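Colleague: I am new to this one. Please show me the structure, and then I will ask my questions.

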Amino acid sequence: MRTTHLLKTAAALVTVGTLVWGAHAAIMLSNTVTGAPLDLSEAPEEGRDTEAVKTFLATGTNIYNEKAVCLPKAHELFLSMCSGCHGHYAEGKIGPGLNDSYWTYPKNETDQGLFETIFGGAQGQMGPMYGALNMNEMLLVMAWIRHVYKEDPQGAVWLTPEQRSKFKPFNENASHIEPAEELLPACGGPAG
Ligand code: HEC
């Protein structure tokens with residue numbers, strides 16, 4: 001009797017745990033190649049509860065697109081994790097360019113799609129990134145990719161019309177935001 005009761009309690013706790021974590025994601029996230037749901041519990045614990053991650057999982061919006069203060073860290077993450085394959089300015093190398101309006105997977109022109117591709121990977125050398133970056137870092141890297149977009153802002157469908165009217169296409173010959181290691185509190189770093 002007692003054992004059964006305990007087992008039931010344990011099962012209920014597991015269910016509650018799953019529901020609580022599941023409740024974070026109001027949007028449905030799926031693997032770019034297979035379409036299978038992404039398992040967000042594979043992401044590191046760290047960087048799950050930042051304002052940006054919570055907002056993203058509720059709405060699909062990346063608030064770092066609007067936070068220029070986070071671009072130095074975003075740049076640093078891109079250089080260390082992505083530029084080896086995608087090029088210094090995301091112009092393309094063994095992986096495709098990420099700085100223009102052509103996408104192998106058209107959904108990458110939305111921030112939800114881009115997150116799904118980074119989290120779950122695509123084909124060949126483009127492996128899933130949840131082992132290398134936490135979810136907050138993925139959103140930072142995404143903001144850098146959006147920052148280096150070099151074409152007509154009208155093609156920047158991830159921006160609202162208002163953001164588009166202010167967006168300046170990236171010019172690799174102009175001066176750039178330098179990379180920086182530090183993770184500021186405004187970018188999901190420890191407060192204080
Ligand atoms: C080891 C090499 C390698 C690394 C490192 C790598 N990628 Fe890729 N990436 C690729 C390849 C190859 C493809 C093409 C895969 C395909 O077409 O399915 C790709 C595809 C992509 C795509 C889809 C582009 C499109 O046109 O739809 C995105 C987005 C992307 N990578 C983002 C990133 C980001 C962000 C990082 C760093 C966090 C990264 N990649 C790191 C090799 C890499």
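Modeller: A definition comes first: helices (H or I, at least four residues) and strands (E, at least two) are DSSP runs, numbered from the N terminus. This is a predicted model, in which local features need pLDDT of at least 70, side-chain atom pairs count only at pLDDT 80 or more, and totals for chains, interfaces and linings use all residues. Residues are numbered from 1 along each chain as its sequence is written.

Colleague: Is Gly47 buried or exposed?
Modeller: A residue is buried if 20 or more other C-beta atoms lie within 10 Å of its own, exposed if 12 or fewer, and partly exposed in between; C-beta atoms are placed from the backbone. Gly47 has 20 C-beta neighbours inside 10 Å. Gly47 therefore counts as buried.

Colleague: Which residues does Gly47 touch, not counting residues up to four places away in sequence?
Modeller: Two residues are in contact if their C-beta atoms, placed from the backbone, lie within 7 Å. Glu137 is 90 residues from Gly47 along the chain, yet their C-alpha atoms are separated by 7.4 Å. With that sequence limit, Gly47 touches Val53, Asn134, Met135, Asn136, Glu137 and Gly188.

Colleague: How many helices and strands does the protein chain have?
Modeller: Along the sequence the pattern reads α-α-α-α-α-α-α. The count is 7 helices and 0 strands.

Colleague: What share of the protein chain do buried residues make up?
Modeller: The chain has 192 residues. Buried ones make up 28%.

Colleague: Which residues are in contact with Ala74, leaving aside its neighbours within four places in sequence?
Modeller: Ala74 is one of the buried residues of helix H3 (residues 71–81). What covers the buried residues of H3 includes H4 and helix H6 (135–147). The contacts of Ala74 are Tyr64, Leu140, Val141, Ala143 and Trp144.

Colleague: At what angle do the axes of H3 and H6 cross?
Modeller: Axes are lines fitted to C-alpha atoms, for helices over the stretch in contact, and angles run from 0 to 180 degrees between N-to-C directions. The two axes come within 8 Å. Angles under 35 degrees count as roughly parallel, over 145 as roughly antiparallel, 65 to 115 as roughly perpendicular and the rest as oblique. H3 and H6 are therefore roughly perpendicular, crossing at roughly 95 degrees.

Colleague: Which residues of H2 meet H6?
Modeller: The axes of H2 and H6 come within 9 Å and cross at roughly 80 degrees. H2 and H6 are therefore roughly perpendicular to each other. On the H6 side are Met135, Asn136 and Leu139. On the H2 side are Ala52, Val53 and Phe56.

Colleague: Which residues come nearest to the ligand?
Modeller: A residue is near a molecule or strand if its C-beta atom, placed from the backbone, lies within 6 Å of it. Helix H4 (83–86) and helix H5 (111–120) each supply at least two residues of the shell around the ligand. Of the 24 residues around the ligand, the nearest are Cys82, Cys85, Gly95, Ala122 and Gln123.

Colleague: What is the phi of Ala90?
Modeller: Ala90 is found in the loop between H4 and H5. Ala90 counts as buried because it has 24 C-beta neighbours inside 10 Å. Most residues other than glycine have a negative phi. Ala90 is not a glycine, yet its phi is positive, about 65 degrees.

Colleague: How far apart are the C-alpha atoms of Gln125 and Cys85?
Modeller: Gln125 is in the loop between H5 and H6. Gln125 counts as exposed, with 9 C-beta neighbours inside 10 Å. Cys85 is 40 residues away along the chain. The C-alpha separation is 8.8 Å.
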